[in-house]
Amino acid sequence: MIKANNLCKEFDGSLAVDGITLSVEKGSIFGLLGSNGAGKTTLLKMLAGIYKPDTGEVRINNEPVFENVHRKQKMIFLADSLFFYPNTTIQQAAQFYQSMYSLWSEERFVALQNVFQIDPKKKIHRLSKGMQRQVAFWLTLSTMPDVLILDEPLDGLDAVMRKKIKNLLIQDVAEREMTILISSHNLREVEDVCDNVGIMHDGKMIIEKDLDDLKSDVHKIQVAFKQEVPPSFLKKLPVLYKEVRGSVHLYIVRGKVEEITNHVRAFKPAIFDILPLTLEEIFIYEMRDVGYEIENIIV
Ligand SMILES: Nc1ncnc2c1ncn2[C@@H]1O[C@H](COP(=O)(O)OP(=O)(O)OP(=O)(O)O)[C@@H](O)[C@H]1O
């Protein structure tokens, strides 16, 4: 289990991460979402023990992470921009990883060649950007980490390879209880694989929830009344967003289906529909609620 307590990190006098407390269960997949510059990479680097928090601490299975070689031999951080030593072949990189990571599996490395189908004698820097990312996953998954931290991991990969890698990740979670933290702007992908999600904005975690609970907590409703909207209708509805389309009023509201339905039906609407939101819609409306919204920009 990963536990972070009141993490703060400041750069040049401003807080990139501002008091984040987080716990991630063993064998789960946590998706970290947020606006650009929200502090996701900074948070992930503290969780990976790369950055020392200014305040707070990160512990994995009750061990501190920062400057803990023993812990870091079993976990891996895959950054959004990759680094390989110049002129290194995949085979040489594999030897290096083997010497660094205590759970390295040669058997897995050989088996994964069938998935990636790249000649291990190839020099990594001569491969295409997407192929280099495949090599990064090939090496990473061969280290058999118990904790895998991924920053924008699937960028630059084709759709087939993305699917293959997602399957491999899910297989490792199911078979060996690997724990994954993944930051991504691809909300469809996060929705596919994550059990829990956190949304960051301006250094803070504005929401952290089980994905199913998050989705069952926000809904889109469409209502129309024969007369004007009754004044007390909105009083008990926690509305995140509203829009009028002719006689139909669209609301994005927080709350459980049953509570919202009972509330709306009590006002005897002429039309009433309640629909679930996608993660992308939830993200956009929650960000709007903290003042980060889509504007009609014409330049
Ligand atoms: N090494 C650094 N030195 C100075 N400032 C930094 C450093 N790393 C991050 N920052 C600042 O901290 C803030 C958070 O950056 P971070 O990279 O963590 O955001 P992010 O959520 O990962 O963004 P994105 O989605 O755009 O990748 C930004 O204002 C950034 O400029």
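Trainee: Which residues does isoleucine 199 touch, leaving out those up to four places away in sequence?

Mentor: Before we dig in, this is a predicted model: local features need pLDDT of at least 70, side-chain atom pairs count only at pLDDT 80 or more, and totals for chains, interfaces and linings use all residues. Residues are numbered from 1 along each chain as its sequence is written. Touching, or being in contact, means that the C-beta atoms of two residues, placed from the backbone, lie within 7 Å. By that rule, the partners of isoleucine 199 are Leu33, Gly34, Ile206, Ile207, Phe283 and Glu286.

Trainee: Is isoleucine 199 buried or exposed?

Mentor: You'll find isoleucine 199 in strand 9; strands (E, at least two residues) and helices (H or I, at least four) are DSSP runs numbered from the N terminus. A residue is buried with 20 or more other C-beta atoms within 10 Å of its own, exposed with 12 or fewer, and partly exposed in between, all C-beta atoms being placed from the backbone. Isoleucine 199 has 24 such atoms around it, so it counts as buried.

Trainee: Let's zoom out. What does the C-alpha trace of the chain span along its principal axes?

Mentor: The chain has 299 residues, 30% of them buried. Its secondary structure comes to 10 helices and 14 strands. Along the principal axes, the C-alpha trace spans about 75 × 45 × 40 Å.

Trainee: How far apart are the C-alpha centres of domain 1 and domain 2?

Mentor: An automatic or database domain assignment sets the bounds, and here the chain is divided into domain 1 (2-202) and domain 2 (218-290). Between their C-alpha centres, the separation is 39 Å.

Trainee: Which element gives the most to the side of domain 1 that touches domain 2?

Mentor: The two domains meet through 7 residues of domain 1 and 7 residues of domain 2. On the domain 1 side, the elements giving two or more residues are helix 7 (187-193) and strand 9 (196-201). With 3 residues, the top contributor is helix 7.

Trainee: And how many nonpolar residues are on that side of domain 1?

Mentor: Ala, Val, Leu, Ile, Met, Phe, Trp, Tyr, Cys and Pro count as nonpolar, Asp, Glu, Lys and Arg as charged, and the others, Gly among them, as polar. The side of domain 1 that touches domain 2 has 2 polar residues and 1 charged one, and the number of nonpolar ones is 4.

Trainee: Which residues touch the most other members of the largest nonpolar core?

Mentor: A nonpolar core is a set of buried Ala, Val, Leu, Ile, Met, Phe, Trp, Tyr and Cys residues joined through C-beta atoms within 7 Å. The largest one here has 55 residues, and helix 5 (residues 129-142) gives the most to it, with 6. This core takes at least three residues from each of domain 1 and domain 2. Its members with the most links to other members are Leu47, Ile149, Ile180 and Leu181.

Trainee: Which element gives the largest share of the shell around the ligand?

Mentor: The shell includes Phe11, Asp12, Gly39, Lys40, Thr41 and Thr42. By class, the shell has 3 nonpolar, 6 polar and 2 charged residues. The largest share, 3 residues, comes from helix 1 (residues 40-47).

Trainee: What is the phi of asparagine 62?

Mentor: Asparagine 62 sits in the loop between strand 4 (55-60) and strand 5 (63-64). With 7 other C-beta atoms within 10 Å, asparagine 62 is exposed. Although asparagine 62 is not a glycine, its phi is positive, at about 70°.

Trainee: And where is asparagine 6?

Mentor: Asparagine 6 also has a positive phi without being a glycine, near 50°. It has 13 C-beta neighbours inside 10 Å and therefore counts as partly exposed. Its place is in strand 1 (residues 2-11).

Trainee: How many Å separate the C-alpha atoms of glutamine 73 and aspartate 146?

Mentor: Glutamine 73 lies in the loop between helix 2 (69-72) and strand 6 (75-78). Leaving out residues up to four places away in sequence, it touches Met100, Tyr101 and Ser102. Aspartate 146 is 73 residues from glutamine 73 along the chain, yet the separation of their C-alpha atoms is 9.7 Å.

Conventions. A residue is near a molecule or strand if its C-beta atom, placed from the backbone, lies within 6 Å of it.
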